[in-house]
Amino acid sequence: MKQINKLKSILLAVIVSFTACDTVDFGDTNVDPNNPSNAVTSLLLTNVQRGMSGYIASTTSNLYVQYLSNGQYDEESRYQTLNWNTDGAYALLQDVKQIIEINTNPDTRVAAQAYGSNGNQIAAATILKVWYYQMMTERWGYLPYSEANDASNTTKPVYDSQQDIYNGLFAELDSALASIDSGNGPDGDILFGGDMTMWRTFANTIKMTMALRLSKADTATGRTKFNEALSAGAISSNANNIQYTYLTEDTNDNPWQDRFESRRDYLMSDVFVNALIGSGTNTAPEDPRLAQMAELSTNGGVYVGAPYGQSNSATDDYSFITNNIINKGDAPLMIYTYAEVLFARAEAAAMGWTTENAATLYGQAVTASMTQWGVSTVDAATYLAANAYTSVDDIAYEKWVSLFLQGYNSWAEWRRFKAMGTESRIGLVAPPNLLSNANGIPQRHGYSATAASLNEANYNAAIAAQGADELNTVLWLFK
């Protein structure tokens, strides 16, 4: 999707990120106590969208699915136990709540129309809420949802089950879609420039993705919601790919470039590189996407991945991520792609959820992925002819390749494929000498180190229902 360039100036003005928990005290200067000011919804929306970058550019999730290997410091790829803090996400969700309240409250909703119609602001905020909660529950499982961000009523919210969260999110998506109107789109929208057609596409793509995640856990609901999204319209071309566009200035540039400015500690994984070399060679790989995703090694001039789960200090011996990402500040990173949607449709067809043709959609998906990565039509056709569709295992493998650097999406899909028994072609294997309570590739993240002490009863109830607060515990979606 092409971003609206004029919004870059808006983002440049919002250089300092803020959350609902961060304030600056300037005393009582220029404050009229009889006329308190309200938060500006356009700035809140920009802040919530900027927070997406932390998920989209994650290092850990891309190591879990073995696109990358560590350089000298190998703790991430050996699954070091980390207690992941959810506070930042809940602060952003508090901003979402404010946008909705301001556009709903009779005392503020009229003034809020200066930043877009009330209905469209509510829709955009709700869609972002759903996106965040989907990412969060697929990391942790049980989470505060129904009572979250409601400190006036409770400071110890219950942890809702993953199934209840999913059902709630589907309802919120439907409400958001119904809220979209013909008025102005939201100001401060750095994803779509206020284009409500793209917001509708975004919502339906989220719904389709969530529906497919239910293929093992709740097939009936998954099938129903998938067909709703299919008929309503998810991404329909590479031109509609939903991406986060960065800027060249340092405050808002691509995080991969920032990482490589300080040290080169992320290398292409031998697991991924060897898979794409396939029947080809280390200079002419079978999969032409490798040449678009990675660089030839500095020493040797070949495509070579670093051993996964090991310390790899001789970084120049291995391939790095393409320079078009790590050396380009405004390189976009993908949120959802046309290829991802086509692979989802192919799998749905193979499962009998739709009357579409799985083999046809598989071919279209591979081609869309090749096009997205800049591969020529001739090379794409050659590859596809040698890698025709035979089973859902092929969809799983090609989807894994197409999701390169979309770590959280790929990790969730790998766990689902594993639950479905279709992940064998991907061939991920946990390294030896793990550092944590994991006995294999992690199935979830651990809760915050303070979760038990701050909300003990509800934390304990979640653990009793879901399983130990460990990386091994398989979540409901992926059992």
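Visitor: How many residues line the largest pocket, and which lie nearest its centre?
Guide: The model shown is a predicted one. In this model, the largest pocket holds about 690 Å³ of space. Its lining consists of 27 residues, and those nearest the centre are D87, Y90, P144, T155 and P157.

Visitor: Which element gives the most to the lining of the largest pocket?
Guide: Two or more residues of this lining come from each of α5 (87-102), β2 (143-144) and α20 (451-454). With 5 residues, the element that gives the most is α5.

Visitor: How does the lining of the largest pocket divide by class?
Guide: The lining has 27 residues in total. By class they are 13 nonpolar, 10 polar and 4 charged.

Visitor: How much space lies in the largest cavity?
Guide: The model contains 5 cavities of 30 Å³ or more. In the largest cavity the space comes to about 100 Å³.

Visitor: Which element supplies the largest share of the lining of the largest cavity?
Guide: The residues lining this cavity are Y55, I56, W131, M135, M334, I335, L405, Q406, G407, Y408 and N409. At least two of the lining residues come from each of α3 (53-56), α7 (118-140), β6 (333-336) and α19 (407-420). The largest share, 3 residues, is supplied by α19.

Visitor: How many residues in the lining of the largest cavity are nonpolar, polar and charged?
Guide: Among the lining residues are W131, Q406 and N409. The division of the lining by class is 8 nonpolar, 3 polar and no charged.

Visitor: Are α7 and α8 roughly parallel or antiparallel to each other?
Guide: Helix α7 packs with helix α8 (residues 162-179) at an angle of about 160 degrees, and their axes are 8 Å apart. An angle over 145 degrees counts as roughly antiparallel. The relation of α7 to α8 is therefore roughly antiparallel.

Visitor: Which residues make the contact of α7 with α8, and what is the division by class?
Guide: The crossing of these two helices, α7 and α8, is left-handed. From α7 the contact includes G119, I122, K129 and E138, while α8 contributes residues including Q162, Y166, E172 and S179. By class, the α7 contact with α8 has 10 nonpolar, 7 polar and 3 charged residues.

Visitor: Is the crossing of α15 and α16 left-handed or right-handed, and how many residues of each class are in the contact?
Guide: The crossing of α15 and α16 is left-handed. Residues of α15 in the contact include Y338, F343 and R345, and those of α16 include L361, Q364 and S369. By class, the α15 contact with α16 has 13 nonpolar, 2 polar and 1 charged residues.

Visitor: Which residues does D393 touch, leaving aside those up to four places away in sequence?
Guide: D393 belongs to helix α18 (residues 392-402). Its C-alpha atom is separated by 35 Å from that of Y159, which is 234 residues apart from D393 along the chain. With residues up to four places away in sequence not counted, D393 touches G421, T422, S424 and R425.

Technical notes:
Residues are numbered from 1 along each chain as its sequence is written. This is a predicted model: local features need pLDDT of at least 70, side-chain atom pairs count only at pLDDT 80 or more; totals for chains, interfaces and linings use all residues. Side-chain values use heavy atoms; hydrogens and water are left out. A crossing is left-handed if the near helix is turned anticlockwise from the far one by less than a right angle, and right-handed if clockwise. Helices (H or I, at least four residues) and strands (E, at least two) are DSSP runs, numbered from the N terminus. Contact means heavy atoms within 4.5 Å. Ala, Val, Leu, Ile, Met, Phe, Trp, Tyr, Cys and Pro count as nonpolar, Asp, Glu, Lys and Arg as charged, and the others, Gly among them, as polar. On a 1 Å grid over the protein atoms alone, a cavity is a set of points where a 1.4 Å probe fits but cannot get out, and a pocket is an open set with protein on both sides within 12 Å along at least five of seven lines; lining residues have an atom within 4 Å of a point. Grid points are joined across faces, edges and corners, and a volume is the space filled by probe spheres set on the points. Axes are lines fitted to C-alpha atoms, for helices over the stretch in contact, and angles run from 0 to 180 degrees between N-to-C directions. Angles under 35 degrees count as roughly parallel, over 145 as roughly antiparallel, 65 to 115 as roughly perpendicular and the rest as oblique.
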